[in-house]
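Hi,

Here is the structure I said I would pass on.

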Amino acid sequence: MRAMQTESRKVSRRRFLKETALAVSGASAFAHLRRGLLRGAGNEFGVVVLLGPPGAGKSEQSRRLTERHSIPVISTGDLLRDHVRRGTPLGLQADSYMKAGQLVPDSLMNPILEDRLSQPECERGFILDGYPRTLAQAESLDALLKRRGLPPHIFLIEVPTERLLKLLTGRRLCPRCNRTYNIYFQPPKKENLCDADGTPLVQRPDDKEEVIRQRLETYQKETQPVIEYYAGQGRLVHVNGDQPPDKVAAEIESKLTPP
Ligand code: ADP
């Protein structure tokens, strides 16, 4: 079965290459080819789920994955922050939970996520950053992915607890392009300015020490069972997050590529 699928992928890939060669030329051929291989003929990745404690670098790794594989990142934290910024009814309710370092209830979280995942660009796959965070969320994600026939790759980015505090208190981000930095481990070239677009960097309001402690506690209590759930089913892939982001990215990549 697997051999047949691989063979039919090879055939459609060959056909795609032939059609591409006839249709376009030069640099645009290359761009067209790459897009096609990642989307239609050869997107073997489907859904990527990144788990890990706050500060483990999930959003940095999502950004790198989306650049490499052209599948969208769905960050539930970003989706919620966007609702808060726009002052929507959902955002107004979510805000108090986020400020306290607690999880937003599923009755608010799940409709926002489902709406986002129903958009056409998510059809062939996506990267999930920050979801699932509870057992109930893991189960509803399983049901959703089963309906859509998209098996997930589940990664756990592991970082020793003593390092997390520094990672979180030192975290800065660009409000324009969402690139993340760390004043201790990965500072921008010019102090407090984004390398990519020169925008002044900001600190997230929930990156204050007392809120950080609460977020780490919430992670232990609510998300640890999710990790045990996936591990128990043999679906969890461990990644060492205690190394430079390039190395973390390389490790994810090597474990993502099909054999
Ligand atoms: P981090 O992983 O560093 O804590 P996120 O940006 O992922 O940061 O999340 C920020 C906040 O958004 C969380 O503390 C929580 O209040 C809320 N949140 C994000 N994802 C979820 C989720 N899947 N379920 C409930 N609340 C969430």
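Ser70 sits in the loop that links helix 3 (58–69) to strand 2 (73–75); helices (H or I, at least four residues) and strands (E, at least two) are DSSP runs numbered from the N terminus. Though not a glycine, Ser70 has a positive phi of about 55°.

Before I go on, some housekeeping: this is a predicted model, where local features need pLDDT of at least 70 and side-chain atom pairs count only at pLDDT 80 or more, while totals for chains, interfaces and linings use all residues. Numbering starts from 1 along each chain as its sequence is written, and side-chain values use heavy atoms, with hydrogens and water left out.

The other backbone point is a cis peptide bond between Tyr131 and Pro132, with omega about 5°. Pro132 is in the loop between strand 3 (126–129) and helix 7 (135–148). As you know, most residues other than glycine have a negative phi, and most peptide bonds are trans.

Now the helix pairs. The axes of helix 3 and helix 10 (residues 245–256) come within 10 Å and cross at roughly 55°; axes are lines fitted to C-alpha atoms, for helices over the stretch in contact, and angles run from 0 to 180 degrees between N-to-C directions. So helix 3 is oblique to helix 10 (angles under 35 degrees count as roughly parallel, over 145 as roughly antiparallel, 65 to 115 as roughly perpendicular and the rest as oblique).

- Arg81: a side-chain N or O atom is 2.9 Å from a ligand oxygen.
- Gln102: a polar backbone atom is 2.6 Å from a ligand oxygen.
- Arg215: a side-chain N or O atom is 2.7 Å from a ligand oxygen.

Taken alone, the ligand exposes 550 Å², and the protein buries 97% of that (Shrake-Rupley method, 1.4 Å probe).

Cheers

Methods:
Polar contact = N/O pair within 3.5 Å; in protein donor to acceptor, adjacent residues only side chain to side chain.
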